[in-house]
Amino acid sequence: MRALAGVLLVCLALGGSASLHAQDTAPKIGDLAPPVTVNDLDGKPVNLGGFLGQRPVFLEFWATWCEVCEALLPKVKSAMDRYGEKVEFIGINVTVNQKRGDVRDYLKQHQLRFRSLYDDEGASIRAYQVPATSYIVIADRAGKIIYTGMGSTQNFDRALQQASRP
């Protein structure tokens, strides 16, 4: 129920913005991943373009209240253990009903080691047309999207194998 409420809040937050500059459709497999700039937990801007096209990138759009995201954690941690040297793992917190301190506490409690961004301006949510939390996008070394998915039963291992090949 909390996850559904969060998804609805994300939709309301996105739909309520009068200055959306995102593309009309969500990026698809084969498209270049948008090199959007998102703040980190300290409010400093991080340009995803600094990673995209340089090395494979795993993006997860998540929230501390997202039960599906929490169910997905073991798979994400396992993927980080297996591919962390070859793939940049980035968790983008959607910031709906989120405080920076709570996000930091959650990351520490769950021992999450991915680069954590805090999308307080909604830039990545708009650019990627994020449908819900637990949404994952994987881009290969060239910056092309090779995987998108959401939910707790995702199987992104094959995409990570493909992306991590030299």
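The model is predicted: local features need pLDDT of at least 70, side-chain atom pairs count only at pLDDT 80 or more, and totals for chains, interfaces and linings use all residues. Residues are numbered from 1 along each chain as its sequence is written, and side-chain values use heavy atoms, with hydrogens and water left out.

View 1. Five strands form an open sheet in the order β5-β4-β3-β6-β7, with mixed pairing. Strands and helices are DSSP runs numbered from the N terminus, of E and at least two residues for strands, and of H or I and at least four residues for helices. Two strands pair if DSSP finds at least two bridges between them. The edge strands, β5 (115-118) and β7 (145-149), each pair on one side only. Direction ignored, neighbouring strands of this sheet are turned by 15 degrees against each other on average. Helix α2 packs on the sheet and touches β3, β4 (88-93) and β6, and its direction makes about 165 degrees with that of β3. Axes are lines fitted to C-alpha atoms, for helices over the stretch in contact, and angles run from 0 to 180 degrees between N-to-C directions. Contact means heavy atoms within 4.5 Å.

**View 2. Strand β6 and its two partners.** Strand β3 (residues 57-62) runs antiparallel to β6 (residues 135-139), and five bridges join them. Val57 has Ala139 of β6 as its bridge partner, while Glu60 stands opposite Ile136. On β7, the bridge partner of Ala139 is Ile145; β6 and β7 pair in the antiparallel sense over four bridges. These two strands form a hairpin with five residues between them, and Gly143 in the turn has a positive phi of about 90 degrees. Five of the five residues of β6 are buried, so the strand is largely enclosed by the rest of the structure. Tyr135, Val137 and Ala139 cover one side, and Ile136 and Ile138 the other, all of them buried. Buried means under 20% relative accessible area, exposed over 50%, and partly exposed in between (1.4 Å probe, protein chains only).

**View 3. The largest nonpolar core.** This core has 53 residues, and those with the most contacts inside it are Leu48, Tyr128, Ile138 and Phe156. Helix α2 (residues 67-83) gives the most to this core, with seven residues. A nonpolar core is a set of buried Ala, Val, Leu, Ile, Met, Phe, Trp, Tyr and Cys residues joined through side-chain atoms within 4.5 Å. Not counting residues up to four places away in sequence, Phe156 touches Phe58, Leu72, Lys75, Val76, Ala79, Ile136, Ile138 and Tyr147.

**View 4. The surroundings of Ser164.** Ser164 counts as buried because its relative accessibility is 8%. Residues up to four places away in sequence aside, Ser164 touches Pro56, Tyr83, Lys86, Val87 and Arg141.

**View 5. The disulfide.** The structure holds one disulfide (a pair of cysteine sulfur atoms within 2.5 Å). Cys66 is joined to Cys69, S to S 2.5 Å, and both are buried. The torsion about their S-S bond is about 80 degrees, so the disulfide is right-handed.
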